[in-house]
Amino acid sequence: MSLLNLQLKVWRQNRGQSGHFQDIEAKDIPDHASFLEMMDIVNERLIAKGEEPVAFDHDCREGICGMCSMTINGVPHGPEKATTTCQLHMRKFRTGDTIWIEPFRATAFPVIKDLVVDRGAFDRIQQAGGFVTVRTGSAPDANAILIGKEVADAAMDAAACIGCGACVAACKNASAMLFVSAKAGQLNSLPQGQPEKDRRTLAMVRQMDKEGFGNCTNHYECEAACPKEISVRWITKLNRDYAVAAVKESFVGQQERAEGGE
Amino acid sequence: MALDSKIPSGPMAMKWSNHKQDSKLINPKNKRKYTVLVVGSGLAGSSAAATLSELGYQVKCFCFQDSPRRAHSIAAQGGINAAKNYQNDGDSVHRLFYDTVKGGDFRAREANVHRLAEVSVNIIDQCVAQGVPFAREYGGGLANRSFGGAQVSRTFYARGQTGQQLLLGAYSALNKEINRGGVKMYPRTEMLDVVVVDGHAKGIITRNLVTGKIEAHAGDAVLLCTGGYGNVFYLSTNAMGCNVTATWRAHKKGAYFANPCYTQIHPTCIPVSGDYQSKLTLMSESLRNDGRVWVPKKASDVGKPPAQIPEEDRDYYLERKYPSFGNLAPRDISSRAAKEACDEGRGVGPGGRGVYLDFAESIQLFGQKTIAERYGNLFDMYERITGESAYKQPMRIYPAVHYTMGGLWVDYNLMSNLPGLHVLGEANFSDHGANRLGASALMQGLADGYFVIPTTIAPYLVTQKPASVTTDHPEFKKALEEATQRTRKFLDIKGKRSVDSFHRELGLLVWDKCGMARDKAGLEEALRKIPALREEFWSSVIVPGSGEACNPELEKAGRVADFMEFAELLCQDALHREESCGGHFRTEHQYPDGEARRDDDNFCYSAAWEYTGDLSKPNLNKEPLNFEEVHLTVRSYK
């Protein structure tokens, strides 16, 4: 194990105020430490000096909860492919490196403090339609719904999304299309999700627009940044599902629309 | 106080049906007059909040994470058990019930376990209907795999992320109800206290983790779905935020804490690599199907590269000690065997706390491609964390704290002895006894939330006039003031030591004296040291920043302060239980071959501890365990 000396440029910001980069020296960082453990060490030293530590979101530290959210040297979750910040380790850096650490930036993700942002917009999109309406206790036997392995596997690919928001932070338009398409796509491709497919698609897309996310211009930075390697083909599917739903809606008229958007 | 477990009468297989039949109902018009406060949004919390809302109750749900979808249920890898018998391999509700009672080393309440096995089949139906993408066969039916402690294939799974998929299912049900207006969700909100009015839990005090605002919420019942206390050990497989605060605060308001010494240590985790380490990562139990566990025979060989240690100098100790189960010996037994090898100075890697899990033979036998297909994602994760390739050299693994079977005492209705306070999922104590089997935690969380509490909450609520207490009540004002004062106190100490440094020290002490193996002298030493450390914490901790904004150090301070108190009860329980069972191993109580020796004559009970105002003198209440269906036997895996 060797020790690294690093120069950090860390974003500091209080809620509702403007922010700035702070220079922090990070000396003697074990290369076996994870990136967040490096931040822990830095914070312990700030506390010892009587300063306020850097606030950042994190929880499971095993790459599944989706809570950690840092843009490292301009890349959400940092340089390692298909890896969340919490699973990134310091051996990927060299002594003498300068590391820029920023929050996931997007209008729809306001900064709460330092590197902590509010991703409540993702919850509200899900609340608008990201579910199958089934009451507890009303389900048929699980094997009464047969689903081909290929369909189930594809749905699982979409369901692997951990809702971290890296796709939004990576996009120059701060579009949430990869996230929304994965969430809608999982349910829209399963038999259980068919009865309310149209109303789900319309409700989720409209909520997404309301939250202030930008439009998708097919640069696919989202897929490159996604720690779970969600494919942009889900965006294609969402566009198709949306077009069908919107056309159907225009035939059915205003009454159905009112119900779909309730 | 006498403990009434309210186990329904009748034969075991009929108890739950009879109970449902006999339970009082509340008519739909009246249901909406009741407010239920649900704390926690993991499998138990989300499923309970969604289902109670479907029934018509007004629900408020709280979580400290930024979204309910991030609760730590999400990290479960392996799967969820259900007695579906889709494999036609002889499974049944009774068999799942029996395996769970035996796996728990005969320290669980039979009636609760039977109910769990009964509703397990409904859980799978419910999850599939929600769109949970379980693994499937080519014909379109659901796939199963085997897990420890069972001879049938009854585990349903979604790749290596069953927990995430089940939680996303429960979260979608919650979202559906939030959208409908039945649930109001409070993310980034931490519970600081329970409010008790005239002996009933009638509300909670919370802190908004964005603004720092401390608030009161009144309800007709409170549900704690707040998970386990594994982080008392500092290092564990739990998420960083997992804490004992909600259950401990409730305990100090009168709820009994049962069997805290039943803690599960998982044998296959990535070892500690340095003192900066913040958490431990699990490597799935499934790896032991193809990996062989060994350490050098001679302590002088531990520094050598493993490839240079010849076959005759290796000790495949699990195969040697447990020839019939070999590398697939149960969790508690495998963990202790690894500890013994390291205690003998034969541990490998930094600090000598590690054993090899070697795939060389399997790679030779099946080829690297096959091994990569089976475990590729785990090998990748191992390499990301350690920088080593398990294709080229053996993995190093060591046991780590994973799950806690103890929790708040509840009756058959999942209500604690504090009326109105209900406890679900890992936060309660009832279903896993002294050891939990793999793939049973997800089952219990969802059983409690989807199928048990929706029925068992009504018998309590019918005794209560809805909305009879509001936050104007003096007890709320008092609790609000106390929580505010406590928060201020942390900020005012302005000492020298960080919260984490205290947490680390506490964790090391508890792990050392009350971890995989415990003895009287060690526990007594811990009980001397914990109060001293607690005193130091309250006089010299430093919490920078303000109480009126997002302040992670302040959040941690509150949680660690509660761990400091809880740790004492954990050790007291371990000291009092003069037997070995499941996850609780007292070195004084073992058979000559080193196996755990239970004492059914004296300890066949659940220990429900009562807070007396003096942390050093909790009062012990006993719930005797009566086994009607399953005969008490010695667990043997030789």
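Predicted model: local features only at pLDDT ≥ 70, side-chain atom pairs only at ≥ 80, totals over all residues.
Against which helix and which strand of chain B do the buried residues of H11(B) pack? They pack against helix H10 (360–366) and strand E15 (395–404) of chain B.

**Chain A as a whole**
- Chain A has 262 residues, of which 53% count as buried, and its secondary structure comprises nine helices and seven strands.
- The C-alpha trace of chain A, taken along its principal axes, spans about 65 × 40 × 35 Å.
- When contacts in chain A between residues at least 6 apart in sequence are considered, 71% of them join residues at least 24 apart.

**Strand pairing around E5 of chain A**
- Strand E5 (residues 98–103) of chain A runs parallel to strand E1 (residues 3–12) of chain A, and four bridges join the two; within this pairing, Leu8(A) stands opposite Ile99(A) in E5(A).
- E5(A) is also joined by three bridges to strand E3 (residues 70–72) of chain A, and here the two strands run antiparallel, with Ile72(A) standing opposite Ile101(A) in E5(A).

**The contact between chains A and B**
- Chain A contributes 67 residues to the contact, and chain B contributes 62 residues.
- On the side of chain A that touches chain B, the elements giving two or more residues are helix H1 (35–48), strand E6 (111–113), helix H2 (120–129), helix H3 (149–159) and helix H5 (177–188) of chain A.
- Sorted by class, that side of chain A has 31 nonpolar, 19 polar and 17 charged residues.

**Helix H11 of chain B**
- Helix H11 (residues 368–386) of chain B has 19 residues, yet its end C-alpha atoms are only 20 Å apart, which falls short of the 27 Å that a straight helix would reach at 1.5 Å a residue.
- A bend of about 85 degrees is found in H11(B) at Tyr375(B), and Tyr375(B) is also one of the buried residues of this helix.
- After H11(B) comes Gly387(B), whose phi is positive, near 75 degrees.

How values were computed
Residues numbered from 1 in each chain as written. Chains lettered and ligands numbered in written order. Pairing = 2+ DSSP bridges. Contact = placed C-beta atoms within 7 Å. Nonpolar A, V, L, I, M, F, W, Y, C, P; charged D, E, K, R; others polar. Expected span 1.5 Å × (residues − 1). Bend = angle between axes of the 7 residues up to and from the residue. Buried ≥ 20, exposed ≤ 12 C-beta atoms within 10 Å, placed from the backbone.
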